[in-house]
Amino acid sequence: MLRSDHILATVEMIQKENLDVRAVTMGINLLDCRGGGVAETCRRVEEKIGTAAARFVETCEQVSRKYGIPVVNKRISVTPIAFVGAGFDRHGFVELALSLDRAATAAHVDILGGFSAQVEKGMTATDREYIASIPEALARTEKICASINIASSHKGINMDALALIGQTVKDLAEITRDQDGFGAAKFVVFCNQPGDNPFMAGAIHGLEEADLVLNVGVSGPGVVARALERLIQTRGRENLRLDDIAEEIKQTTFRVTRCGELIGRKVSEELGIEFGVVDLSLSPTPTVGDSVGEILEILGVDVVGAPGSTAILAMLNDAVKKGGIFASKAVGGLSGAFIPVMEDAVLAAAAGSGALCLEKLEAMTCVCSVGLDMIPIPGSVDAATIAAIIADEMAIGMVNNKTTAVRLIPVPGKEAGEIVDFGGLFGASPIMPVRNVGKSSRFIAWGGRMPAPIHSFKN
Amino acid sequence: MGKQMVMSVMSKDRPGIVADITGVIYQLKGDLADLNQSVLCDYFSMILIASFDDAVTPEDVVAGFSHLPSATKLEVVVKEMEAPLEPAQEGRSQEVYVLTVQGQNKSGLVHRIGLFCCQHGINILDLATTLSRGLYTMILQLDLSHVESVDAIRTDLARCAEESDLHMVLQHEDLFKATTEITLL
């Protein structure tokens, strides 16, 4: 029997606390779309996506209306495109990107991810052509997101790819200079990239996946923040200990995850395709009250970046996983708390005041999901320094057997402290200063591979 | 299988009412099918369905209750069912929604919602209300299986909420089950 207080708590969660399903992402295998040439392949790609996703957005909206829970983004992820376009040159990959963009527009999805490659051990000639195509491909498309896996706990870090990527990030920002380098916000570099992540820019449909699959990304920083405020108000700060707080986060995450599970199952049923995973990430939006940074401040640091921030984030991340994992049949993707600076108003403010620096963010990424995400840096920072920042983050993921990622935006012509605003879910933030610029080029110049850590040899 | 009867019992609340009522049914060799009870402001109310042998009449059942050595008076109504009833759960609609309504207490609130449901062909399966510090809360379980468009109901409900200065939320019951129950079917 449903209890009144539970009913009212759920109503509060949906109506006042920004609960939504952040993303329903349909994964589509494109390996069978390979034709004799670029044009033939593009035609098949558009045809397959068109058929697979014909009713996708409409069904998401229908289920969303029935349950009264907003599904904020409807997205598609595809097989990493470097596999689909094996043998193509950079122009061929740009054509593929344009074709994916047309398919995404026709399917009415918000974004399509999977313009990607996996090069953690070595690069083929195709992979190099793919990398060379990224700036133009992203500049000429509206809805395409790119990602590349350049490191893993098993294979180490591909330093040749890393050097190329440092330059690619610069080129991407430069080619979209009139949009403050927005192109770089659509490209993310990974270590241990999961093949079932529904969140962008890093969503791909992994090679290990079935032909079609549906993954769901839940959200809920606002719900967690309000639940904690209510707990502190009703029980009194002096009567609570940290383990009580962790317990509240677990229970709240359970409920949030269940909403995602329900929506995912119903959309899957309607479409007749397999339901993959729920990604438990606490994903903030620039909306006030929907911030991971705010949770950290509620839990006891006056400003994000102050000592204690990393420890609190570690507890938050763990409690989110514990609460969510029981709520869902299958959990996957990134599953943790995101700290994307531009997309989180409280983090952006802390970055602007100087309380939160790049090095502290790096430390925080050791204990949370993903990594250095949506961070605007001065356009003057050189490619080798960007590559070296990425290398540090990749090393954290590699050694700790976790997914880490980097999405830096070197804003052309702007310096630290100036504001960059991409609008919508991409948000706004003051540009963060980078210390010790130009001092890492000898390291990046080595190339080759950083060997995998000793604990990767478990056979 | 004999006959089914529906019984309604009301009394001032006290320990032992359930034992008394079911004792009467047991004495008459009745078989209890389904029951629902609640207590409101110290008053006990129960509705129950039981089957009896053909020889037993509603008057026999009422007589059984009147002979109880009870400290409180049980007010009983017994009716014989025209056709045997299925237990409620078996035919339960898939389109059960939960409507929550909150607002400042004033007369006519429940009537307003009742009228809304009536005008829209919505059956109220369950209704509970509470009053706390002037805030009146209604929680209704509604069967929307005969409704053509839930969207249209939401739109009309939003208008009704605005006109009557009430906060109303209509959500599918699956959502509440998902967020509060361990099993998710």
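Biologist: Where is A:Thr59 found in chain A?

Modeller: A:Thr59 is found in helix α3 of chain A, residues 56-67. Helices here are DSSP runs of H or I with at least four residues, strands are runs of E with at least two, and both are numbered from the N terminus. Before we go on, please note that this is a predicted model, where local features need pLDDT of at least 70, side-chain atom pairs count only at pLDDT 80 or more, and totals for chains, interfaces and linings use all residues. Residues are numbered from 1 along each chain as its sequence is written, chains are lettered from A and ligands numbered from 1 in the order in which they are written, and side-chain values use heavy atoms, with hydrogens and water left out.

Biologist: Is A:Thr59 buried or exposed?

Modeller: The words have cut-offs: buried means under 20% relative accessible area, exposed over 50%, and partly exposed in between (1.4 Å probe, protein chains only). A:Thr59 has a relative accessible area of 1%, so A:Thr59 is buried.

Biologist: Which residues does A:Thr59 touch, not counting residues up to four places away in sequence?

Modeller: Touching, or contact, means heavy atoms within 4.5 Å. Leaving out residues up to four places away in sequence, A:Thr59 touches A:Val267, A:Glu270 and A:Leu271.

Biologist: Let's turn to cysteines. How many disulfides are there over all chains?

Modeller: A disulfide is a covalent bond between the sulfur atoms of two cysteines. The rule used here asks for a pair of cysteine sulfur atoms within 2.5 Å. By this rule the count over all chains is zero. Take A:Cys145: the nearest cysteine sulfur belongs to A:Cys60 and is 17 Å away.

Biologist: Which residue meets A:Arg226 in a salt bridge?

Modeller: That is A:Glu294, at 2.5 Å from N to O. This pair links distant parts of the chain: A:Glu294 is in helix α10 (residues 292-298) and A:Arg226 in helix α8, 68 residues apart. Helix α8 of chain A covers residues 221-235. Both A:Glu294 and A:Arg226 are buried.

Biologist: What else does the side chain of A:Arg226 make a polar contact with?

Modeller: A polar contact is a pair of N or O atoms within 3.5 Å; within protein, one must be able to donate a hydrogen and the other to accept it, and residues adjacent in sequence count only if both atoms are side-chain atoms. The side chain of A:Arg226 makes such a contact with the side chain of A:Glu229, at 2.9 Å. A polar atom of the A:Arg226 side chain also lies 3.3 Å from the backbone oxygen of A:Gly289.

Biologist: Where in chain B do the salt-bridge partners B:Lys12 and B:Asp42 lie?

Modeller: Their side chains meet at 2.6 Å, N to O. B:Lys12 is in strand β1 (residues 3-12), while B:Asp42 is in the loop between β2 (31-40) and β3 (43-52), 30 residues apart. B:Lys12 is partly exposed, with 38% relative accessible area, and B:Asp42 is partly exposed at 39%.

Biologist: Finally, how many residues of chain B are in contact with chain A?

Modeller: Chain B brings 26 residues into contact with 24 of chain A. Buried area is the accessible area (1.4 Å probe) that two parts lose on being put together, summed over both. For these chains it is about 2,200 Å², 65% of it on carbon and sulfur atoms. B:Leu175, B:Thr179 and B:Leu184 supply 25% of the area that chain B buries against chain A, more than any other three residues.

Biologist: How many salt bridges are there between chain B and chain A?

Modeller: There are three, including one between A:Lys266 and B:Asp174, whose closest N and O atoms are 3.8 Å apart.

Notes. A salt bridge is a side-chain nitrogen of Lys or Arg within 4 Å of a carboxyl oxygen of Asp or Glu.
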